[in-house]
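Please examine the sequence and the model displayed below. The briefing that follows is grouped by topic.

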Amino acid sequence: MASASFVKLHTSSSPFIGQRSFNQRSRSSSRSPAARVSVIRAGSYSEELVQTAKTIASPGRGILAIDESNATCGKRLASIGLDNTEANRQAYRQLLLTTPGLGQYISGSILFEETLFQSTTDGKKMVDCLREQNIVPGIKVDKGLVPLPGSNNESWCQGLDGLASRSAEYYKQGARFAKWRTVVSIPCGPSALAVKEAAWGLARYAAISQDNGLVPIVEPEILLDGDHSIDTTLEVAERVWAEVFYYLAENNVMFEGILLKPSMVTPGADHKEKADPETIAKYTLTMLKRRVPPAVPGIMFLSGGQSEMEATLNLHAMNQSPNPWHVSFSYARALQNSVLKAWQGRPENVEAGQKALLARAKANSLAQLGKYSAEGESEDAKKGMFVKGYTY
């Protein structure tokens, strides 16, 4: 594929030089233009990246996120009394990925590395199970959160070392998109350092992913932890996404070949007043319209500990009028909770577990189309799943 070239203006390649604020950056434009112009060449995967992103952001479909680490998957299994063994993880992933008709509602699935290279008990590759239903295989590429020195008890996401070579291997194995999750904590500030680190890390990851043929999901999760108001969440979300898109542009990331996985704009989990779906939709879409360019193909929301029904109702409310982007879901717990309870780790319950997955996937598909009704939802679907300080 011929590479296209274009000219881009940019400032320093590192966010840490001088610790400039956003306002200070804008004053740097007085520097000589000749010193600030460079020729950037679009990557050889450009057309494929755009097509992959469009496939995932297709009407009535969203992402099944089953990229929990083996340790976190163990927590899922423990909830139904199963040991955390590779055979049990394989059985659970196989149940999910071989569900008949899943591709009608699911366009992509984020996998953990073990699952990407795993086969079913019949010897079929898990990625092939997805491809047969026109579901794009994805891969979690970050290496988890660690303490951020010099911050207010905050964290940063590691995993950039060796990412290029790992991404190339993931592509060969069949992955076509990637996921990198970092977090921002409102009770911790968040500090300028933590926001900058989150944005810069996401931008570097996104550039490396695109260079290796993977559509990057950009996910700075703003945690639900705290007793703050929805207005505070809006303020922080706008600040975070402004930084993220600044550094995505600095790193020459092609916006048409990315997907976003934002938190919904809600009050903190401990806030005295809950917000209804219409309010959450209004605040969330306000934030997105202020910060996200229409070139981005899809907004795939995380559920963040909301109940299954809450996550679906909120998504439905956001699709009551046209949006500049495909507004959909990339849910983990909000798609799996009912499945685990129906399955209980028993071979004779596999079909029941798959029916539960299809029911939740269909509900969120209808929400993406703005046609969901909560009538007939079970009591289990209404139970919140928020866990303070939740880790993957």
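Helices (H or I, at least four residues) and strands (E, at least two residues) are DSSP runs, numbered from the N terminus. The structure is a predicted model, in which local features need pLDDT of at least 70 and side-chain atom pairs count only at pLDDT 80 or more, whereas totals for chains, interfaces and linings use all residues. Residues are numbered from 1 along each chain as its sequence is written, and side-chain values use heavy atoms, with hydrogens and water left out.

**Barrel and packing helices**

- A barrel is closed by 8 strands in the order E3-E4-E5-E8-E9-E10-E11-E12, with parallel pairing; two strands pair if DSSP finds at least two bridges between them.
- Strands E5 (residues 136-140) and E8 (residues 177-184) run parallel and are joined by 3 bridges.
- Within E8, Phe-177 stands opposite Gly-138.
- Helix H11 packs on the sheet, where it touches strand E11 (298-301) and E12, and its direction makes about 170 degrees with that of E12.
- Helix H13 also packs on the sheet, touching E3, E4 and E12, with its direction at about 155 degrees to that of E12.
- For these angles, axes are lines fitted to C-alpha atoms, for helices over the stretch in contact, and angles run from 0 to 180 degrees between N-to-C directions.

**Helix H13**

- H13 spans residues 350-368, 19 residues in total, and reaches 27 Å from its first C-alpha to its last, close to the expected 27 Å; the expected span is 1.5 Å times one less than the number of residues.
- Buried residues of H13 include Gly-353, Leu-357, Arg-360 and Asn-364, where buried means under 20% relative accessible area, exposed over 50%, and partly exposed in between (1.4 Å probe, protein chains only).
- The cover over the buried residues of H13 includes helix H4 (86-97), helix H11 (308-318), strand E12 (326-331) and helix H12 (333-343).
- After H13 comes Gly-370, which has a positive phi near 75 degrees.

**Gln-354**

- Gln-354 lies in helix H13 and is buried, because its relative accessible area is 11%.
- Leaving aside neighbours within four places in sequence, Gln-354 is in contact (heavy atoms within 4.5 Å) with Leu-95, Thr-98, Thr-99 and Pro-100.
- The Gln-354 side chain reaches the backbone oxygen of Leu-95 at 3.0 Å.
- Leu-340 is 14 residues from Gln-354 in sequence and 9.8 Å from it in space, C-alpha to C-alpha.

**Salt bridges**

- A salt bridge is a side-chain nitrogen of Lys or Arg within 4 Å of a carboxyl oxygen of Asp or Glu; the count by this rule is 15.
- Glu-132 and Lys-124 form a salt bridge at 3.0 Å, N to O; Glu-132 is exposed at 57% relative accessible area, while Lys-124 is partly exposed at 34%.
- Arg-131 and Asp-128 form a salt bridge whose closest N and O atoms are 3.1 Å apart.
- Arg-131 and Asp-128 are separated by about one helical turn because they are 3 residues apart in helix H6 (residues 126-131); Arg-131 is partly exposed at 41%, and Asp-128 is partly exposed at 26%.
- In H13, Glu-351 and Lys-355 are 4 residues apart and therefore separated by about one helical turn; their side chains meet in a salt bridge of 3.6 Å, N to O.
- Glu-351 is exposed, with a relative accessible area of 52%, and Lys-355 is exposed, with 55%.

Notes: Polar contact = N/O pair within 3.5 Å; in protein donor to acceptor, adjacent residues only side chain to side chain.
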